[in-house]
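Okay, thanks for coming, everyone. Let me put the structure up, and then we'll walk through a few spots together.

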Number of protein chains: 2
Amino acid sequence: MAIIECIPNVSEGRRPEVVEAIAAAIRAVPGVRLLDYSSDAAHNRSVFTMAGDAAALEAAVLALYERAIAAIDVRSHTGEHPRMGAVDVVPFVPIEAATMETCVTLATDVAREVAGRFGVPVFLYEEAATSPARRNLEDIRRGEFEGLAAKMATAGWAPDFGPAQPHLSAGASAIGARMPLIAYNINLATDRLDVARKIAAAIRASSGGFRYVKAAGFALKGRGIVQVSMNLTNYEKTPIFRVFETVKREAERYGVSILESEIVGLVPAAALHAAAEYYLQLAGFKSDQILENKLK
Amino acid sequence: MAIIECIPNVSEGRRPEVVEAIAAAIRAVPGVRLLDYSSDAAHNRSVFTMAGDAAALEAAVLALYERAIAAIDVRSHTGEHPRMGAVDVVPFVPIEAATMETCVTLATDVAREVAGRFGVPVFLYEEAATSPARRNLEDIRRGEFEGLAAKMATAGWAPDFGPAQPHLSAGASAIGARMPLIAYNINLATDRLDVARKIAAAIRASSGGFRYVKAAGFALKGRGIVQVSMNLTNYEKTPIFRVFETVKREAERYGVSILESEIVGLVPAAALHAAAEYYLQLAGFKSDQILENKLK
């Protein structure tokens, strides 16, 4: 059975009763599991993580929209995080036995339904994008809600679904499909911040590194060490082990060793299995050789 | 929920109707999944792989005994594989969220029940053994069915449960608890059989190597290369990555590289995750960070 993850970001992080009502609406949908949800008051934003099959997730996302639109007026929303709508972003992510194609189809179906049912304009993004200019969420959201009406009136910024102007109180949404993100940090056995920054620059896409790596160098002051902090946005095309080995080699250039690495939050099992296959030089390994997969 | 695997070995591999009847008896037990079963005519032996919780597995093993004892007379059994009973060996293996202690308790419960219900003497082995002399299955089974009555009459070979002499037609059984086995081979980029044999000798327990490694060197003639073929009998205490790195280092001594390695059959996910943790120097990683584990 194809399991998909969906992580809607909603522009409300200060009124627990609104957040709880949305969580309850998700939980009420059969076949959907609400895995996690959390709110950030400074961002005034909440993130819900749920999983299920395509039909169940579509029902849950529509239930979330209904609650969010009834409770949130983005005209009076303030917070540190950029946003353009009451339901700001809805990514679908393939997990077990699910393909990216399925997620793109689901994102498109949900976008059409959201636009039709609630009159909210929707932009499809990342793998679901209908043009290269709309792949990056940052490009779609640039200008935020306050600049949205003017932006949508310019050439090339008609939404993929829905009206040609923002919903009065709910703004617009980006709905899309993407690979799971892996938050991955490598700690270096040195306090030289310049080394962490140089390595981050060497490996991130924006300055010529790996296509699916975002990276920055930080000092971990309490520990007297530095960190290369990364987001890996496609672990199949830019695998963890290649990033690790490249950081290790770059660090050697400065006489620095890797102290340890860490995965923050969740990681798909396949990303770990790929590392084991690589280092053990495993030939012909198939995921149905994993004992636990037989028990499903 | 604690999932346990059980892999009974039955002394019948030539009469499909007997094997199918046993498989049907296992399948009829609610809460048990028959993952695999296969027969070897030369060995005249069949291996059933099932999984479930403790209570369901106990019921399935008793159903298997009932069918096997009714159909198999070990006095007329011939085959290449050593055996001492109609149901020869019954190992319980901890899988998801199951502990070895649970498996030892289950093995002991099943042994008591088998002895009481069918009058078959049972020896507890490996982790369930009641003395060091009975840990190794080979020691218990030495002399096979034909030598069993005489062996059981000597000091120290009274069974753990059941009568002091073999069952007339069903012999005796070994029931125990052990870690999952991993069949793991490393192929070397050379045709020098002496190198594979020297490395096998260096890493196996019997000649001074790792405690939980059995190994031999073979030629893969069709490919013009050699193989270090291994069974890893406790991947927690002797992990795959340490075996791989040691073989790699030993091979360097002879100017030989590792071509590839392979896992034959099933491997517990934790064995692969441990390799990823080792090579990526992951600190503080917990298995509940694996996305798929959240979906269970």
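**A strand, a sheet and an interface**

So, strand β3 (residues 32-40) of chain A is joined to β4(A) by eight bridges, and the two run antiparallel. Quick housekeeping before I go on. This is a predicted model, where local features need pLDDT of at least 70, side-chain atom pairs count only at pLDDT 80 or more, and totals for chains, interfaces and linings use all residues. Residues are numbered from 1 along each chain as its sequence is written, chains are lettered from A and ligands numbered from 1 in the order in which they are written, and side-chain values use heavy atoms, with hydrogens and water left out.

On terms: helices (H or I, at least four residues) and strands (E, at least two) are DSSP runs, numbered from the N terminus, and two strands pair if DSSP finds at least two bridges between them.

Back to β4(A). Across from A:T49 in that strand you'll find A:D36. In the β3(A)-β4(A) hairpin, with four residues between the strands, A:N44 has a positive phi near 50°. Which other strands join β4(A)? Strand β1 (residues 4-6) of chain A does, antiparallel, through three bridges, and there A:I4 has A:G52 as its bridge partner. Strand β2 (residues 9-10) of chain A is also antiparallel to β4(A), with two bridges; A:N9 partners A:V47. And β4(A), residues 45-52, is mostly covered, with seven of its eight residues buried (buried is under 20% relative accessible area, exposed over 50%, partly exposed in between, with a 1.4 Å probe and protein chains only).

Now chain B. Here four strands make an open sheet, antiparallel, in the order β9-β10-β8-β11. β9 (213-220) and β11 (258-264) of chain B are at the edges with a single partner strand each, so one side of each has no neighbour in the sheet. Between β8(B) and strand β10 (residues 225-232) of chain B there are seven bridges, and B:I182 sits opposite B:L232 in β10(B). Helix α7 (residues 240-252) of chain B packs on this sheet and touches β8, β9, β10 and β11 of chain B (contact means heavy atoms within 4.5 Å).

Let's zoom in on B:N185, in strand β8 (residues 182-188) of chain B. Is B:N185 buried or exposed? Buried, because its relative accessibility is 8%. Its side chain makes a polar contact of 3.0 Å with the side chain of B:S229. That term means a pair of N or O atoms within 3.5 Å; within protein, one must be able to donate a hydrogen and the other to accept it, and residues adjacent in sequence count only if both atoms are side-chain atoms. A polar atom of the B:N185 side chain also lies 3.5 Å from the backbone nitrogen of B:M230.

Last stop, the interface. How many residues of chain B are in contact with chain A? 41, and they meet 41 residues of chain A. There are zero salt bridges between the two chains (a side-chain nitrogen of Lys or Arg within 4 Å of a carboxyl oxygen of Asp or Glu). Polar contacts are there, though: 21 residue pairs across the interface, both at pLDDT 80 or more. On the chain B side, β3 (32-40), α7, β11, α8 (269-279) and α9 (291-294) each supply at least two residues. β11(B) gives the most, with seven residues.

Note on methods. Axes are lines fitted to C-alpha atoms, for helices over the stretch in contact, and angles run from 0 to 180 degrees between N-to-C directions.
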